[in-house]
Amino acid sequence: KSVSIQYSLNELIHHRKKRTTTMRLNLFPFLFAFTILSLSSHVLSTSDLILTKVDRRIDLSSQIVRTITSLKVENAGSDTVSEILLAFPDSHANYLAYLKAALKEGKGKAKSSSGAGLPYEIVQPKDAPASLKIYSVTLPKGLAKGETLTLDVLAVFTHILQPFPEKITQADIQLLLFQETAQYLSPYPVKAQSLTVKLPEARIESYSKLENTKLQGSELKYGPYENLPPYSYLPIVIHFENNQPFAVAKELVREIEISHWGNVQITEHYNLVHGGAQSKGEFSRLDYQTKPYVKGASAFRRLFAKLPPRAHSVYYRDEIGNISTSSLWGDSKKTELVIEPRYPIFGGWKTAFTIGYGLPLQDFLFGIDGKRFLNISFGSPFIELVIDTLVVKVVLPEGSKDTSASVPFSVKQRHETKFSHLDIAGRPVVVLEKNNVVPEHNVHFQVYYKFNRLSMLREPLMLISGFFFLFVASIVYMHADLSISKTSASYLAKLQWEEVQATVHQIHNIISLCLTTHDKLEASLRDLSRSGDIQACKATRKSVDSSLKEITKELKSPVAFLQSSPQATPILPKVEEVIAKERDLQEKLMAKHSTVVDCYEKKLGGREIENRIASHQQKITALRQEIDYLLELIDEI
């Protein structure tokens, strides 16, 4: 939709009287503000300064609007002037992020602006229109009668480019509206002035076509205009295409942690949003992959950051984990980082991520007058990023004192305490907060503090002491007798019970040995059935008899001890019972063995032998099961 506005003062007043609503764009408040300025300018008293030449250049190539104005000022009055007033309408002043005014020194082509900006403050001169915000720039020395100077003014604005239309689809390009005055708005008369607007591309939907207007490629020129009275204005509107990344950090928390062991750790938490035209409709990944610059022209796919030289240990992650779509390269002079979010960011879409990196301490920490100070950049390393709220936290080593910060612009300051590993009193934190931050704020600032070198030994000594006392405590515990008394009843009872346990274990082993010997006797009968060797079977019987007599003798001493010990009362009956069962088992096995050998000597058949030993075998099996059960029961007790 084409926009072309050519208003004269009479047409504007006529427009106000008719209160027409046929205008599709909301430009009336903007023009109405200028009308108020025009009607009020005759009552504003200013000094006798004259702007003999004004050159303005407005850069609209990104989401940040930069206005560079060169003012040649002449004092036509009789009094010396020590300040120069700069006027901005509220529609612009409310979004002013950065303002710098510097004197241009030298002659001809050798002229250059001084590095440091001149001090300024907001003032409200008598009878000044309320819709204006006036900034007073203090000159380093007064401007006498007839003298001239050249003042360069840089004004940086955010959020003043209005998307039109406000909502677009995936396939649409992003169009923006910019409203300004072609004539320089100033409380001083202007002899000659011109305006150049730099656009991101040569494509312009429409623009205000006034007298002395020229479009050359991507630059739009207005003027020159001559002999303009104070507060002259000539409203213009430019409707143009801009698909540059509109990356806006709603909040950035930047933590700078100093370690005197040689490292400065930077951690930055971003909450990012696309601040351009809102995306509407569905998103097609297929269309975006096949034609990214057609079906996603307004989205941004990557962000560029310039990290300090010698940055190391760089990482890029979000809540899910590490994001691998990033690249890093650098040398001794610079380090460049390119990151890609997990998905393309369209208008209104949000993402959150964290980047971190380490820096050599010697490059950023210095000492002066008994103090140490950190000298590091304030803003974000990402190019053309607008930050609505920036919080910079400088975490100093534990034990630091007399902390202070020096920032070349106004910020909110407060102090906190952070606890980390091996901290006792906590680490002092200097917190700096600023709203509406642009790349021009990414300048160096300083944090001063005092720190005793001996404090560096605190954490190593704590670790050494901790491990030392741990080892000492282990040695003492292993060699110390922690019992209350060796003569107490509970201690003596414990010793007696341990002796009972050892004796029962001895008896258990003896019974197990007896059962093993019984198995040898059973094995000799099996060998007899295979070979028929009666003499070998009798020899085994004789050997087993001898072994069982020796084993039985070993039972007398432990059984006697259990009978004499009061601690063995709960377990003694079971021990005696298992010994008796073993003797019965031994007798039954001997009887079975004698019967089988006798049958073989009489050369009886196998069925006859089985019938004769059947009763013995049943009793042997039952006794063996009872003995096994009693042994398990004794183990549980």
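**Cavities, strands and cores: a quick tour**

Let's start with one pair of residues. Y120 sits opposite V137, and V137 belongs to β7. One caution before I go on: this is a predicted model.

Back to the strands. β6 covers residues 120-123 and is joined to β7 by four bridges. The two run antiparallel. β7 itself spans residues 132-143. What else does β7 pair with? With β3, over eight bridges, again in the antiparallel sense. Look at A87 here. A87 faces I134 of β7.

Keep A87 in mind, please.

How many cavities of 30 Å³ or more does the structure hold? Three. β3 makes the largest contribution, with four residues. That is the strand that pairs with β7 over eight bridges.

What is the lining made of? By class, nine residues are nonpolar, four are polar and two are charged.

Now the second largest cavity. Its volume is about 40 Å³. Around it are G379, S380, F382, L385, I387, V438, P439 and N442. Five of these lining residues are nonpolar and three are polar. How many are charged? None: this lining has no charged residues.

On to the packing. In soluble globular proteins, nonpolar side chains tend to be buried together. Here, the largest nonpolar core has 56 residues. Which of them have the most contacts inside that core? L60, L71, L151, F178, Y222 and I238.

Take I238 and look around. Leave out residues up to four places away in sequence. I238 then touches L176, L177 and F178, among others. Also on its contact list are V197, L199, I204, S206, Y207 and L220. F178 is touched by I238, and F178 is itself listed with the most contacts inside the core.

Terms used. Residues numbered from 1 in each chain as written. Predicted model: local features only at pLDDT ≥ 70, side-chain atom pairs only at ≥ 80, totals over all residues. Heavy atoms only, no water. 1 Å grid on protein atoms, 1.4 Å probe; cavity = no way out; pocket = protein on both sides within 12 Å on 5 of 7 lines; lining within 4 Å. Points joined across faces, edges and corners; volume = space filled by probe spheres on them. Nonpolar A, V, L, I, M, F, W, Y, C, P; charged D, E, K, R; others polar. Pairing = 2+ DSSP bridges. Core = buried A, V, L, I, M, F, W, Y, C linked by side-chain atoms within 4.5 Å. Buried < 20%, exposed > 50% of the residue type's maximum accessible area, 1.4 Å probe, protein only. Contact = heavy atoms within 4.5 Å.
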